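The entries below follow the order in which I looked.

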Amino acid sequence: MNPKEPLDRRDFLKKASAASLGAFAASRGAGPLFAFEGSPAEKMSVGVMGLNGRGMVPARGFARGANTTVAYLCDVDSNVLAKALAEISPLQSTPPKAVGDFRRMLDDKSVDAIVIATPDHWHAPATILALNAGKHVYVEKPSGHDAREDELIVAAARKHPKLHVQLGTQARSGPHFVEVLQAVREGVIGKPYLARAWYANTRTGIGKGKVVPVPANLDYELWQGPAPRTPYRDNVIHYNWHWFTNWGTGEICNNGTHEIDVGRWILGVDYPSSVVSTGGRFHYADDWQFPDTQEATFVFDGDKSIIWQGQSCNGLDLYGRSRGTAVLGTNGSVVVDRDGYVIYDLKNKIVKEVKAAPKGDALNTVGDDWLTQLHLDNFTSAVRTGTKLSAPIEDGAKTGMLCHLGTISHQVGRKLRTDPTNGHIIGDADAARLWSREYDPRWKPVV
């Protein structure tokens, strides 16, 4: 889409709806319509890796899709795997195969695409392995466990230019988000200069874990994968790994990725020239290793900046929203979230308000939602017909790098000066050492 080209909202919504119903592809009776050679079979065959939470959303979406089928379900927890199989099997004519080791999916040449919805430490390594096996990839955010992995995952995608890698930042496929982007480009708020992104939840503490035997249903060795080995503790799996540096990336990457990405998209910025982050673990004295309260400021060339506000344990809304992005400009402002947007003039008068959908629970990330379905449909269309991806990894990984820089600034306790051409840290050797991580040598990603 040309940045200066006006966007008709009704037309966009009509097209988006048609896409979600499979109108981009041919019916089974008419035969496939492919825009390039080497396209997958008429129904794209998908394997889903990681099923305890977010992974079930794309699993359901692809199982119900007119042009897709879930060929494999994969999880290292046999109980989770059995539950997922029971839910997904009735949604399609042929039940998926259930496997504990994702390499079985990579070995199957009939599989076209892999969904990666694992803990964060697996995102980049699994994506690289999938690309090397000739698979398209839909990877949930964040793009990498650290800034170096953001570089590695992009390098792998460039090495395989015929394969598509979509990052799960579903706002990029949302018609009303695109409408806001177009309105800002057309000058409705003047020159945009600040994006304020936030997330507010009321999470509880995770306590002090203790070393216990590994449950019989869990392949803990494979779960750890690329991460350095540690004993199994009783307060990590299945969700609390988000708050441990060995496997997770904190709230700024867990949920902040979405809103920071919207801010970067609308402002039209890539890498910052400086980053500073403050905050801490204020609410509970437990094993949580990231801040539950955080403010990170990213400054870009051209007099633009993004401020991220994370409230993991205090759900006080901002602008009446638990999460969202506000963009300030010289002539007004816009506030946008998953439910719609509001444009204001400089005197706080509402210029335009759009409700994209009935207001839902913005903190629910495991329920089916229309934005995710559009994002899955965009990925399917890209693989089957060559449609442009909404969130290609080459762009999405830039947001991941921003989030990791915010974490590094918080960890070293000072402002970072960064190269605006690639995000690299300048003149701070101690901070630069946090750019990458240590790996179990058997799983170290190689591009």
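Predicted model: local features only at pLDDT ≥ 70, side-chain atom pairs only at ≥ 80, totals over all residues.

Entry 1: I number residues from 1 along each chain as its sequence is written, and side-chain values use heavy atoms, with hydrogens and water left out. Taking buried as under 20% relative accessible area, exposed as over 50% and partly exposed as in between (1.4 Å probe, protein chains only), I noted that 58% of the 447 residues count as buried. I listed 13 helices and 16 strands, where helices (H or I, at least four residues) and strands (E, at least two) are DSSP runs numbered from the N terminus.

Entry 2: I looked up helix α5 (residues 123–132), which is mostly covered, with 8 of its 10 residues buried. Its buried residues, including H123, P125 and L131, pack against β1 (44–49), α4 (103–107), β4 (113–116), β5 (136–139), α6 (147–159) and β6 (165–167). Just after α5, I saw that G134 takes a positive phi of about 85°. Helix α2 (residues 56–64) is also mostly covered, with 8 of its 9 residues buried, among them M56, R60 and F62. The buried residues of α2 pack against β1, β2 (68–74), α3 (78–88), β4 and α11 (370–385).

**Entry 3: aromatic rings.** How many aromatic pairs does a search of the whole structure find? I counted rings of Phe, Tyr and Trp (its six-membered ring) as paired if their centres lie within 6.5 Å, with planes under 30 degrees apart called stacked, over 60 edge-to-face and the rest tilted; the search gives 12 pairs. In one of them, the ring centres of W198 and Y319 are 5.3 Å apart and the planes stand at 45°, so I recorded the pair as tilted. Because W198 lies in strand β7 (residues 192–200) and Y319 in the loop between β10 (304–311) and β11 (323–329), the pair ties together parts that are 121 residues apart in sequence. W198 counts as buried at 1% relative accessibility, whereas Y319 is partly exposed at 41%. I also noted that Y319 has a positive phi of about 55° although it is not a glycine. Elsewhere, Y220, W223, Y232, F244 and W247 form one aromatic cluster. The charged end of R437 sits over the ring of Y439, 5.9 Å from its centre, by the criterion that NZ of Lys or CZ of Arg is within 6 Å of the ring centre and within 35 degrees of the ring normal.

**Entry 4: a helix pair.** I then turned to helix α10 (residues 256–267) and helix α12 (residues 393–412), which pack at an angle of about 115° with their axes 10 Å apart; the axes are lines fitted to C-alpha atoms over the stretch in contact, and angles run from 0 to 180 degrees between N-to-C directions. The contact is made by T257, I260, D261 and R264 of α10, together with D395, G396, K398, T399, L402 and C403 of α12.

**Entry 5: loops.** I looked up T118 in the loop between β4 and α5, where T118 is buried with a relative accessible area of 9%. Leaving aside neighbours within four places in sequence, T118 is in contact with M49, G50, H123 and W241. T118 and K141 are 23 residues apart in sequence and 9.9 Å apart in space, C-alpha to C-alpha. The peptide bond from K141 to P142 is cis, with omega near -5°, and P142 has its place in the loop between β5 and α6. A cis peptide bond also runs from I237 to H238, with omega near 25°. Lastly, N348, in the loop between β13 (340–345) and β14 (350–355), has a positive phi near 65° and counts as exposed at 63% relative accessibility.

Note on methods:
Contact = heavy atoms within 4.5 Å.
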